[in-house]
Amino acid sequence: MSPTPDNCPAPERTLAEINADIRCLFARAEGRLSDAERIRHAALLQEWAAAMRASVVPAA
């Protein structure tokens, strides 16, 4: 059974905020991420995906 919007917590940050962090990460790294930056990027992608799922409105 897939989760419903009622039992999924709302994301703490907006998609725009998360996207801005991802862009800044790459800008600071000039496109080449260190191991630590790759870990941060993976965490940001997971956060972004969760925020995307939370923003989907089920069809009627």
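The protein chain has an accessible surface of about 5,000 Å², and 59% of that area belongs to carbon and sulfur atoms; areas here come from the Shrake-Rupley method with a 1.4 Å probe. Of the chain's 60 residues, 13% count as buried, meaning under 20% relative accessible area with a 1.4 Å probe, protein chains only. Please keep in mind that this is a predicted model, in which local features need pLDDT of at least 70 and side-chain atom pairs count only at pLDDT 80 or more, while totals for chains, interfaces and linings use all residues. Residues are numbered from 1 along each chain as its sequence is written, and side-chain values use heavy atoms, leaving out hydrogens and water.

Turning to the fold, you will find two helices and zero strands (DSSP runs: H or I of at least four residues for helices, E of at least two for strands). H1 and H2 pack with their axes 9 Å apart, at an angle of about 160 degrees; the axes are lines fitted to C-alpha atoms over the stretch in contact, and angles run from 0 to 180 degrees between N-to-C directions. The pair is therefore roughly antiparallel, a label for angles over 145 degrees.

Where the helices meet, H1 residues including Ile18, Leu25 and Phe26 face H2 residues including Leu44, Trp48 and Ala51, with contact meaning heavy atoms within 4.5 Å.

The largest nonpolar core has seven residues: Ile18, Ile22, Leu25, Ala29, Leu33, Leu44 and Ala51. Such a core is a set of buried Ala, Val, Leu, Ile, Met, Phe, Trp, Tyr and Cys residues joined through side-chain atoms within 4.5 Å. Helix H1 (15-29) and helix H2 (35-55) each supply at least two of its residues, and the largest share, four residues, comes from H1.

Conventions. Buried means under 20% relative accessible area, exposed over 50%, partly exposed in between (1.4 Å probe, protein chains only). Angles under 35 degrees count as roughly parallel, over 145 as roughly antiparallel, 65 to 115 as roughly perpendicular and the rest as oblique.
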